[in-house]
Structure formats: C-alpha cells, structure tokens
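Here is a short report for a reader meeting this structure for the first time. It goes through helices, ring pairs, charged pairs, surface and backbone in turn.

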Amino acid sequence: MIAKKHPQAAAEFVANIDRAHWHDQALWFVREKRDRMAHSLPEWETLRQTATEIKDYVLSHADEVLLEFATNAEKLGATVHWARDAAEHNQIVLDIIRKHDAKKIVKSKSMLTEECGLNQFLERHDLDVVDTDLGERIVQLRKEHPSHIVLPAIHIKKEEVGECFHEHLGTEEGASDPKYLAEAARQHLREKFLQADIGITGVNFAIAETGGFVVCTNEGNADLGVSLPKVHIACMGIEKLVPRAADLGVFLRLLARSATGQPITTYSSHFNGPRDDDSEMHIILVDNGRSNLIGDPEFRNSLKCIRCGACMNTCPVYRRSGGHSYHATVPGPIGSILNPARDPKKFASLPHACSLCGSCTDVCPVKIDLHHQLYTWRNKLVLRNLLPAGKRFSMKAASFMMQRPWLFKTVGSIGRWKLRVMPRFMKYNSLLNPWGRQRELPPAPKKSFRAEYRQRAGK
C-alpha cells in the first residue's frame with residue numbers, strides 16, 4: 001500500500017492556518033534554545049567533530065564493535081538477541097513475554113519499537129502495552145503516531161490534551177491547566193508501573209567496552225518502568241554503539257543541547273546487566289536495513305544520527321507541514337533519507353520535502369551532510385523513474401529555457417510584466433499557483449538583473 005504523498009498530507013496540515021503557525025513557532029522556540037546552548041560552549045564545534053569521528057569509527061568497524069558489545073553484555077549477565085528485521089524483533093519480544101506468561105507491559109520512548117510496529121503487534125496478541133513517556137502516552141490514547149522523535153505530541157494543543165484525558169482518564173471536562181493534566185497522567189501511569197510484568201526501553205547509547213548502555217529521559221519513566229518488573233527488554237538499532245565509556249561524555253553533552261536546549265537530560269540512566277540474580281535483562285540488536293546503509297558510501301553517514309530532532313526543529317518544511325505529513329516513524333530531514341532507503345517507492349516524495357537550505361546540516365550535532373544526501377536521493381529517484389510526471393516535465397522545460405539565453409530573457413521580461421499588472425486573485429489562485437498559499441511574493445522588479453548590472457557598470 002502506497003502512503004499518501006507528502007504534498008497532499010502537508011496540504012491538510014497547512015489548511016489549519018492557526019495550527020500551522022503555532023507549530024512553526026513552537027519548534028523555532030526549541031531551535032533558539034539549542035542555539036543559545038551551543039553558543040555557551042566554546043568547544044561546541046570540537047565536540048561535533050569528535051562525535052562524527054567516533055561514529056565514523058563505529059560504522060567502519062561495525063562487526064568488531066557489535067561483537068565486543070555483545071560479548072561484554074553477556075559477561076554482565078544480559079541475554080543478547082540478534083534480529084534481522086522488524087518481524088524478528090517483534091517475535092523475540094513476544095517469545096520473552098510468553099516465556100514469563102506476562103500480560104502487562106510498560107514501555108519507555110523507543111523510536112526503534114515504533115519503527116518495528118511493536119505496540120500494534122503485541123496488541124494483536126491481546127497484550128496490554130502502555131507507553132510511559134507523557135507525550136507518547138497522549139498520542140497512544142489518541143490512537144496516533146508520534147509526530148516528532150523527541151516531542152511526540154508537539155502537534156497537539158493543551159486543550160486537546162484536556163479533552164483526551166477527560167475521555168480516557170476521567171479528568172474534569174474543559175480542564176487544560178498543564179500542571180493539573182500532568183498530575184493526572186502521573187497518577188494514571190503510576191498504576192501501570194505497579195501492575196507491569198515486563199519493562200521495555202529503547203537505548204540511546206550502548207558502550208562496546210563495557211557491555212552497558214544508557215537511556216536518556218526527562219521524566220524518569222524508563223527507570224521506574226524497569227525497576228519494578230523482573231524483566232527488562234532493551235531494544236536498539238545496531239548503529240547505537242560507541243566504542244568506549246570515555247566517548248559517552250561527548251554525546252551526552254551534544255544530545256540534550258541539540259534536542260531541547262538543556263545542558264543535559266534530567267535522567268541519564270546507566271544499565272549494566274540485570275539488577276540482581278532474580279532479574280533478567282534482554283538486549284535485542286536490530287538490523288532492519290541498517291547493514292545495507294553501512295555498505296552505501298553515499299548514505300552511511302545518516303546512521304550517525306543520535307535522534308536529537310534538531311534537524312526537524314530547524315527545517316522550514318517540517319515546521320510548516322507537521323510530522324504526520326511524512327507518514328513515517330522518523331520524519332523531517334533525517335527521515336527523508338532513512339525512509340527512502342528502506343522503501344524508495346513508498347517514500348519517493350520525501351526527499352523533495354526540502355528547500356535545500358542546509359540548515360539541518362548546520363545544526364546536526366554529528367555533522368551529517370543532510371541536505372547533500374537529500375539532493376543525492378532526488379537524483380537516484382529520477383534514475384529509478386520515481387519522479388512524478390509533473391516534476392519531470394517542469395524540470396525539462398526549465399532546462400530547455402535556461403540553455404537558451406534569449407528565451408530566458410524573454411520569459412523573464414514577460415513574467416515581470418505579468419506579475420505587475422495581473423490582479424491579485426489570479427496571482428494567488430489555488431489552481432494556477434498553489435505555491436502562493438500562505439506566501440507573499442515580493443514586488444516584481446521593473447528591470448532584470450542583467451539590465452540593472454549593465455546600468456550600474458556604465459555599459
């Protein structure tokens with residue numbers, strides 16, 4: 001089944017002008033916080049360079065680093081599982097749950113389990129899965145997917161959260177005070193923690209040298225979710241590794257500052273094997289197409305991503321079109337690279353959801369060349385005949401015109417004249433100029449750049 005293309009899905013989001021502007025401003029506020037934090041560290045660029053070099057080493061020595069981590073994790077008492085794809089990952093989780101005859105599962109935020117569709121898979125097997133991150137729980141109750149990898153409910157207003165909680169948690173009708181709603185969620189989730197048979201977490205960083213891993217949260221839900229049940233399942237992509245414990249500080253200093261503009265996450269929880277002899281820890285290492293990317297020199301850098309979301313917070317397309325318009329677990333610039341790598345036909349529209357402004361590359365804490373990779377994907381989609389006919393025609397027409405200076409000059413002259421004399425309703429007609437919705441063209445100049453240049457040069 002082909003997902004709805006990004007332009008059509010984005011048009012639905014943009015149709016609500018107030019929400020589109022509010023969404024844009026909320027994310028730009030986070031971007032500004034990130035900038036203030038980055039500028040407060042004189043060594044910021046050194047940290048970025050160090051991080052990208054560490055990730056280069058991990059991707060170049062993936063086999064060695066993975067085996068080292070697995071060996072050391074098993075020495076600590078963890079059971080390591082290897083999953084080729086999402087289906088294998090989900091089945092491994094189900095097998096562990098069935099082994100313990102568990103029925104209630106609490107899960108902290110994990111983009112990998114979202115990628116694998118774990119919640120839906122377990123629910124089909126009559127299991128109760130509760131997301132314990134507040135934003136994730138909100139979208140779960142609303143039967144939606146996260147729209148952002150760090151701020152999963154950024155597209156939802158507090159009044160809508162109040163309506164959701166009134167329906168599902170029994171809060172007062174019309175209540176929208178954030179403190180009141182947060183307390184209601186806290187009490188609701190505390191019951192789920194106490195009843196849980198198994199706790200599932202994601203992994204932010206796994207350390208090959210020690211066999212341990214780190215989970216970063218602001219709510220402490222990962223800690224509580226795995227400290228009460230006897231079984232902890234940690235799900236991670238094979239790219240989440242760092243070689244040494246000493247490398248961890250580099251990424252912890254970059255992650256929170258890039259994600260939310262904090263000096264560090266409230267909880268950076270270290271897990272090194274099961275907590276006692278009566279407990280179990282299972283670590284699932286998931287490929288799901290990552291090996292193919294490691295072997296692709298044009299896109300392997302995308303696996304350096306530490307899921308901070310900075311590229312989304314700065315992207316003018318993402319901010320104005322919303323995360324759901326991408327129809328993917330990971331949206332935004334990084335998602336527009338990763339998703340076509342997994343299914344080019346389904347996600348062919350995503351690399352075009354980009355202005356190629358390069359802002360995503362500028363803010364990426366591990367220096368992924370995001371806009372270059374998006375441009376490369378556009379070329380590859382053309383070679384695979386996945387570019388829509390309208391775009392192919394317009395590009396060929398532009399190429400024809402730009403190769404003929406006289407034609408370029410003539411078309412430019414006619415265009416400048418028409419923009420000056422054309423009535424506004426024709427210039428911003430939704431059929432003739434859909435691009436003009438929510439945009440205002442600058443006044444058309446009377447002279448071309450060439451004419452202006454000749455005049456100023458005295459020629």
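## Ground rules

Helices (H or I, at least four residues) and strands (E, at least two) are DSSP runs, numbered from the N terminus. This is a predicted model, in which local features need pLDDT of at least 70, side-chain atom pairs count only at pLDDT 80 or more, and totals for chains, interfaces and linings use all residues. Residues are numbered from 1 along each chain as its sequence is written, and side-chain values use heavy atoms, with hydrogens and water left out.

Burial comes up throughout. Buried means under 20% relative accessible area, exposed means over 50%, and partly exposed is in between (1.4 Å probe, protein chains only).

Helix α5 covers residues 86-99, which makes 14 residues. From first C-alpha to last it reaches 20 Å, close to the 20 Å expected at 1.5 Å a residue. That expected span is 1.5 Å times one less than the number of residues. Buried residues in α5 are Ala86, His89, Asn90, Ile92, Val93, Leu94, Ile96 and Ile97.

Asp101 sits in the loop between α5 and β2. With a relative accessible area of 60%, Asp101 is exposed.

Most residues other than glycine have a negative phi. His327 is not a glycine, yet its phi is positive, about 50°. His327 belongs to the loop between α15 (316-321) and α16 (332-342). At 36% relative accessibility, His327 counts as partly exposed.

## Aromatic pairs

Rings of Phe, Tyr and Trp (its six-membered ring) pair if their centres lie within 6.5 Å; planes under 30 degrees apart count as stacked, over 60 as edge-to-face and the rest as tilted. By this rule the count is five aromatic pairs. One of them is Phe205 with Phe251: the ring centres are 5.5 Å apart and the planes are at 40°, so the pair is tilted. Phe205 lies in strand β5 (residues 205-207) and Phe251 in helix α12 (residues 248-259), so the pair ties together parts 46 residues apart in sequence. Phe205 is buried at 1% relative accessible area. Phe251 is buried at 0%.

Phe213 and Phe271 form a stacked pair, because their ring centres are 5.4 Å apart and their planes are at 25°. This pair links distant parts of the chain, with Phe213 in strand β6 (residues 213-217) and Phe271 in strand β9 (residues 267-271), 58 residues apart. Both Phe213 and Phe271 are buried.

## Salt bridges

A salt bridge is a side-chain nitrogen of Lys or Arg within 4 Å of a carboxyl oxygen of Asp or Glu. The structure holds 22 salt bridges. Asp35 and Arg31 form one of them (2.9 Å, N to O). They are separated by about one helical turn, because they are four residues apart in helix α2 (residues 17-39). Asp35 and Arg31 are buried.

Asp131 and Lys107 also meet in a salt bridge (2.8 Å, N to O). Asp131 is in strand β3 (residues 128-131) and Lys107 in strand β2 (residues 104-107), so the pair ties together parts 24 residues apart in sequence. Asp131 is buried at 2% relative accessibility, and Lys107 is buried at 1%. Arg290 and Glu115 meet in a salt bridge as well (2.9 Å, N to O). Arg290 is in helix α13 (residues 290-294) and Glu115 in helix α6 (residues 111-116), so this pair ties together parts 175 residues apart in sequence. Arg290 is buried at 5% relative accessible area. Glu115 is buried at 18%. Salt bridges that share partners join Glu115, Glu239, Arg290 and Arg342 into one network.

## A nonpolar patch

Patches are made of residues with over 30% relative accessible area and no salt bridge; like charges are joined within 9 Å, and nonpolar side chains (Val, Leu, Ile, Met, Phe, Trp, Tyr) within 5 Å. Accessible areas come from the Shrake-Rupley method with a 1.4 Å probe, and for residues only the protein chains shown count as cover. Phe425, Met426, Leu431 and Leu432 make a nonpolar surface patch of about 510 Å². Met426 lies in helix α21 (residues 424-427). At 34% relative accessibility, Met426 counts as partly exposed.
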